[in-house]
Amino acid sequence: ILEHADIINLSFVNQPQNVSEILEMIRTSPLERDIGLILKIETRSGFDNLPEIILEAMKIYPIGVMIARGDLAVELGWEKIGRVQEEILSVCKAAHITSIWATQVLENLAKKGIPSRAEITDTMMAHRADCIMLNKGSYILKAIKLLDKILKNLKTNSTALKPIEE
C-alpha cells in the first residue's frame, strides 16, 4: 500500500503508540519519498492524549488532524462537542498542524439537495479549520458550490476577519 499511497489516514488514534507503530512500518519500508499522515481523533482517549500524539506524529511530514465530530460527540457528550472541537482546532493551530473539520458538513444538501439552517451555521464555523470534508451524495456538486460561496463571502465581507486599521 505504501508504494501507491500519498497519505495514510489513521483511524481511532488513542495514544502515541498507535502513531509509533505506523511510523515504524513507514521507516522499515523501502519507501523513498515522503508520505503524509492524517490522525483521526474520534475517542476520549484520542482527545485526552492529543498533544502527545501530535508530538509523536511530528517525526514525519506532512501530518494533519481530522476532527471526527460525530464520534467525539457520542464519546464525550453532545454538550461538550463544541468546546472539544474548538480545543482541537486550537491545539492544531498552535502546533502548525493541518486541521480537518469533518462529519456531516452540508450533509442534507449533499444527499437531499437542500441544506438545513444549522448546516449553514456549521459551515460558517468550519472556516477556522484548514480543510473541510464533505461526504458524497447526489447533490455533492451543489454542496461544493455552496461551500465555496459561503467561504468566499466570509473572506470578503466579514469585518471580524479583517485586520484592525489604525
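Is Arg 69 buried or exposed? In this predicted model, Arg 69 is buried, with a relative accessible area of 10%.

Confidence was examined before local detail. The protein chain has an average pLDDT of 90. A score of at least 70 is reached by 93% of the residues. Among the elements, helix α3 (residues 50–57) has the highest mean pLDDT, 97. The lowest mean, 87, belongs to helix α8 (residues 140–157). Where pLDDT is low, predicted coordinates should not be read in detail.

The largest pocket holds about 290 Å³ of space. Its lining draws two or more residues from each of α4 (69–76), α5 (81–95) and α7 (117–126). In total, 13 residues line the largest pocket. Those nearest its centre are Arg 69, Trp 78, Thr 103, Gln 104 and Asp 122. By class, the lining comprises four nonpolar, five polar and four charged residues.

The second largest pocket has a volume of about 210 Å³. Its lining consists of Glu 86, Leu 89, Ser 90, Cys 92, Lys 93, Ile 97, Ser 99, Arg 128 and Asp 130. Helix α5 supplies the largest share of this lining, five residues. Three of the lining residues are nonpolar, two are polar and four are charged.

Charged pairs were then examined. Side chains of opposite charge can pair when their charged atoms come close. The model contains eight salt bridges. One of them joins Asp 122 and Arg 69, with an N to O distance of 2.7 Å. Asp 122 lies in helix α7 and Arg 69 in helix α4, so the pair ties together parts that are 53 residues apart in sequence. Asp 122 is buried, at 17% relative accessibility. Arg 69 is buried as well, at 10%. Both residues are also among those nearest the centre of the largest pocket.

A second salt bridge links Glu 24 and Arg 27. Their closest N and O atoms are 3.5 Å apart. Why are Glu 24 and Arg 27 separated by about one helical turn? The two residues are three apart in helix α1 (residues 16–27), and therefore about one turn separates them. Glu 24 is partly exposed, with 40% relative accessibility. Arg 27 is exposed, with a relative accessible area of 51%; the cut-off for exposed is over 50%.

Another salt bridge connects Lys 59 with Glu 56. Here the closest N and O atoms lie 3.0 Å apart. The partners fall into separate accessibility classes. Lys 59 is exposed, with a relative accessible area of 54%, whereas Glu 56 is buried, at 13%.

Strand β1 (residues 7–10) and strand β2 (residues 36–41) run parallel and are joined by four bridges. In β1, Ile 8 and Leu 10 form the covered face. Ile 7 and Asn 9 make up the uncovered face.

Note on methods: Residues numbered from 1 in each chain as written. Predicted model: local features only at pLDDT ≥ 70, side-chain atom pairs only at ≥ 80, totals over all residues. Heavy atoms only, no water. 1 Å grid on protein atoms, 1.4 Å probe; cavity = no way out; pocket = protein on both sides within 12 Å on 5 of 7 lines; lining within 4 Å. Points joined across faces, edges and corners; volume = space filled by probe spheres on them. Nonpolar A, V, L, I, M, F, W, Y, C, P; charged D, E, K, R; others polar. pLDDT = per-residue confidence, 0-100. Salt bridge = Lys/Arg side-chain N within 4 Å of Asp/Glu carboxyl O. Buried < 20%, exposed > 50% of the residue type's maximum accessible area, 1.4 Å probe, protein only. Pairing = 2+ DSSP bridges.
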